[in-house]
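Reader: Could you go through this model with me, slowly, one topic at a time? I am still learning the terms.

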Amino acid sequence: MGFDVTEYTTVLITLIVIMDPPGQIPIFLSLVGHQSPADRHRAAWQAPAVSLLVISTFAIGGKFILAYLHIGVPALQGAGGLLLLLVALQLLNGGGASRPTASDGVNVALVPLGTPLLAGPGAIAAVIVSVSQASGDGSAYIAIAAAIVTVHVVIAIVLRFSTVLIRILGVGGVTLLAKIAGLLLAAIAVQLIANSIMGFIDAR
């Protein structure tokens with residue numbers, strides 16, 4: 001049993017494109033920018049950890065979970081889109097500019113950072129498809145697992161050092177980022193909902 005470099009590279013690039021580590025920076029800063037440094041650093045590793053747990057769970061038993069619950073990928077996209085839209089509205093209305101408590105920081109790391117921003121419908125679907133195509137090939141399974149771990153290490157590093165920007169931006173900059181992130185999140189949410197609707201239409 002060797003290591004499938006091609007499979008590793010393919011899955012790694014796919015997940016990096018879908019999860020977009022650099023694109024998470026403004027959203028991450030807008031949500032945790034007003035927290036203490038300790039809470040920000042904790043969120044920087046908690047969010048990737050939650051995402052890793054969710055994606056690993058779906059990699060191992062995703063097809064069975066979705067089949068058992070009678071849930072399709074379009075339903076995941078719709079649910080993720082609605083959740084992101086709620087968060088976007090809070091940011092646009094000033095909810096992200098308030099000073100959250102430590103418990104709020106933990107919740108932010110879980111939702112929406114860990115899921116559905118990182119472990120979203122796109123990443124989950126891509127992992128399920130990759131595992132399905134492996135068809136019992138042990139080297140491919142190892143490569144997929146390594147790619148999943150690698151992309152989350154990259155995300156953790158990006159989020160951890162993105163907090164340095166807070167010292168440069170200040171309170172006003174973080175507030176501005178919250179508005180920009182809210183607009184971007186709203187666009188992502190609408191796209192997810194649109195993809196969900198098209199998925200339901202195509203399935204008919």
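Reader: Is H70 buried or exposed?
Author: H70 counts as exposed because its relative accessibility is 74%; buried means under 20% relative accessible area, exposed over 50%, and partly exposed in between, with a 1.4 Å probe and protein chains only. This is a predicted model, in which local features need pLDDT of at least 70, side-chain atom pairs count only at pLDDT 80 or more, and totals for chains, interfaces and linings use all residues. Residues are numbered from 1 along each chain as its sequence is written, and side-chain values use heavy atoms, with hydrogens and water left out.

Reader: Okay, and where is H70 placed?
Author: H70 sits in the loop between α3 (37–69) and α4, where helices (H or I, at least four residues) and strands (E, at least two) are DSSP runs numbered from the N terminus. The phi of H70 is near 55°, which is a positive value in a residue other than glycine.

Reader: Which value does phi of D20 have?
Author: The phi of D20 is near 50°, again positive in a residue that is not glycine, and D20 belongs to the loop between α1 and α2. With 35% relative accessibility, D20 counts as partly exposed.

Reader: Why point these out?
Author: Most residues other than glycine have a negative phi, and most peptide bonds are trans.

Reader: Then which peptide bonds are cis here?
Author: The bond from V111 to P112 is cis, with omega near 10°, and a cis bond also joins T115 and P116, with omega about 10°. P112 is in helix α5, and P116 lies in helix α5 as well.

Reader: Changing topic, how much space lies in the largest pocket?
Author: The largest pocket holds about 400 Å³ of space. On a 1 Å grid over the protein atoms alone, a pocket is an open set of points with protein on both sides within 12 Å along at least five of seven lines, a 1.4 Å probe being used for cavities, and lining residues have an atom within 4 Å of a point. The lining has 20 residues, and the closest to the pocket centre are I18, Q24, L117, I188 and L192.

Reader: Which element gives the largest share of that lining?
Author: The largest share, five residues, comes from α8, and the elements giving two or more residues include α1 (5–19) and α8 (164–203).

Technical notes:
Points joined across faces, edges and corners; volume = space filled by probe spheres on them.
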